[in-house]
Amino acid sequence: MAGVDPHARPTEQSSAGTKAPAASRALLALACLLRVAVIAVMAGGVARSAWRARGDPWELASVAGPCALLAAMFVCLHRAERLAPDSPPGERRRLQVAVWVLSTAISCVFAYRVAVVMPPALAVLVWCMTASVVAAGFYMLVLFKDRRYQALDDDDDVVATDAPGDRKTCVKTVKTSHTDELSVVIN
């Protein structure tokens, strides 16, 4: 028994373990095929719209422009997803700002296209809704700082201090990132 590896899998599990990577590869291939199919359908729709708008340069620009903006936004989102947790925060912030700028441009283009065919009262409503989405996106992607709060689980770094009136106040300092700290006062 001394020569037996305690972490070795039994033979039944090792044969089942070879099936799992094959199923995982099949699922990954299916997801990739689905993505290619969606991109092909969307490219076909854009091509049809561009073909109909070939005589009018402004109409063609209103078809090709949002597609280019959307592709650029997907590239930025893909780059943001690929960032490591220890990557420089400046790079993450630049990508967040780029995503906000691109999504704002897409929203404004679509709002313009919709507002042109709407009655004036509904056009104002469309622009108000677009402005609220742009403002919320600005707050969430540009102004809001990405904080990873840790749970207030143990009292190991809770410090009791004397407060006026013989009342004890506990202060817990939590590290939220390498530069920020959060102090919580517990009465």
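Reader: Which backbone oxygen lies 2.9 Å from a polar atom of the Thr-130 side chain?

Author: The backbone oxygen of Val-126. Bear in mind that this is a predicted model.

Reader: Where is Thr-130 placed?

Author: In helix H4, which covers residues 120-143.

Reader: Does Thr-130 count as buried or exposed, and why?

Author: Buried, because its relative accessibility is 11% and the cut-off for buried is under 20%.

Reader: What is Thr-130 in contact with, leaving aside neighbours within four places in sequence?

Author: Ser-107, Cys-108 and Ala-111.

Reader: New topic. Which residues make up the largest nonpolar core?

Author: There are 7: Met-73, Cys-76, Leu-83, Leu-95, Val-99, Leu-102 and Ile-106. Two elements give two or more residues each, helix H2 (57-81) and helix H3 (89-116).

Reader: Which one gives the largest share?

Author: H3, with 4 residues.

Reader: Take Met-73. What is it in contact with beyond four places in sequence?

Author: Val-99, Leu-102, Ser-103 and Ile-106.

Reader: Zoom out. How many helices and strands does the protein have?

Author: 4 helices and 3 strands. From the N terminus, the order is α-α-α-α-β-β-β.

Reader: And what percentage of the residues count as buried?

Author: 14% of the 187 residues.

Reader: What about the accessible surface?

Author: About 14400 Å² for the protein. Carbon and sulfur atoms account for 67% of that surface.

Reader: Last one. Of contacts between residues at least 6 apart in sequence, what percentage join residues at least 24 apart?

Author: 36%.

Technical notes
Residues numbered from 1 in each chain as written. Predicted model: local features only at pLDDT ≥ 70, side-chain atom pairs only at ≥ 80, totals over all residues. Heavy atoms only, no water. Core = buried A, V, L, I, M, F, W, Y, C linked by side-chain atoms within 4.5 Å. Buried < 20%, exposed > 50% of the residue type's maximum accessible area, 1.4 Å probe, protein only. Contact = heavy atoms within 4.5 Å. Polar contact = N/O pair within 3.5 Å; in protein donor to acceptor, adjacent residues only side chain to side chain. Areas by Shrake-Rupley, 256 points an atom, 1.4 Å probe, with all protein chains shown as cover.
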